[in-house]
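Work through the exercises below with the sequence and the 3D view open. Try each task before reading its solution.

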Amino acid sequence: MKVTMCMLILSLIAITGAWGEPVKAREFVFQKMPICEHMGEIPVCPKLYQPVCGTDEKTYDNECLLCIARMKTKRDIQIIKDGVC
């Protein structure tokens with residue numbers, strides 16, 4: 001019983017953090033690199049709505065537009081998840 005209670009308390013501490021604040025979900029999110037190698041000098045993206053959420057916390061209409069943002073800003077923007085942020 002004591003071991004179970006200790007595990008429960010440790011789990012709650014891990015989830016809430018040291019100050020009792022919830023841990024942000026993005027800290028545990030896996031990132032994936034967008035596939036941008038196929039894009040040429042002047043990329044043309046399809047008008048296809050398949051939203052992706054970037055590590056810059058912006059939603060892009062599709063992976064191609066995220067690739068363009070990477071090229072323009074020269075930042076390492078990756079995909080946090082498929083769908084809106």
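Residues are numbered from 1 along each chain as its sequence is written, and side-chain values use heavy atoms, with hydrogens and water left out.

**Exercise 1. Confidence**

Find where confidence is lowest and where it is highest in the protein chain.

Solution. 
- Start with the scale: pLDDT is the predictor's confidence in each residue, from 0 to 100.
- The chain mean is 76, and 65% of the residues reach 70 or more.
- Confidence is lowest in helix α1 (residues 2-16), with a mean of 49. Strand β2 (residues 59-60) is highest, at 98.
- Helices (H or I, at least four residues) and strands (E, at least two) are DSSP runs, numbered from the N terminus.
- Residues 15-23 stay under 50; the model gives them nine contacts (heavy atoms within 4.5 Å) beyond four places in sequence.
- Where pLDDT is low, the predicted coordinates should not be read in detail.

**Exercise 2. Helix α2**

Which residues of α2 are buried?

Solution. 
- Set the cut-offs: buried means under 20% relative accessible area, exposed over 50%, partly exposed in between (1.4 Å probe, protein chains only).
- In α2 (residues 63-73), the buried residues are C64, L66, C67, I68, A69 and R70.
- Their cover includes β1, β2 and β3.
- Check the start of α2: a side-chain oxygen of N62 comes within 3.1 Å of the backbone nitrogen of C64.
- K74 follows α2 and has a positive phi, near 55°.

**Exercise 3. Salt bridges**

How many salt bridges does the structure hold?

Solution. 
- Apply the criterion: a side-chain nitrogen of Lys or Arg within 4 Å of a carboxyl oxygen of Asp or Glu.
- The structure holds two.
- K32 and D82 form one, at 3.8 Å, N to O. This pair links distant parts of the chain: K32 lies in the loop between α1 and β1, D82 in strand β3, 50 residues apart.
- K32 is partly exposed, at 41%, and D82 is exposed, at 56%.
- R70 bridges to D76, with the closest N and O atoms 3.0 Å apart.

Methods:
This is a predicted model: local features need pLDDT of at least 70, side-chain atom pairs count only at pLDDT 80 or more; totals for chains, interfaces and linings use all residues. A polar contact is a pair of N or O atoms within 3.5 Å; within protein, one must be able to donate a hydrogen and the other to accept it, and residues adjacent in sequence count only if both atoms are side-chain atoms.
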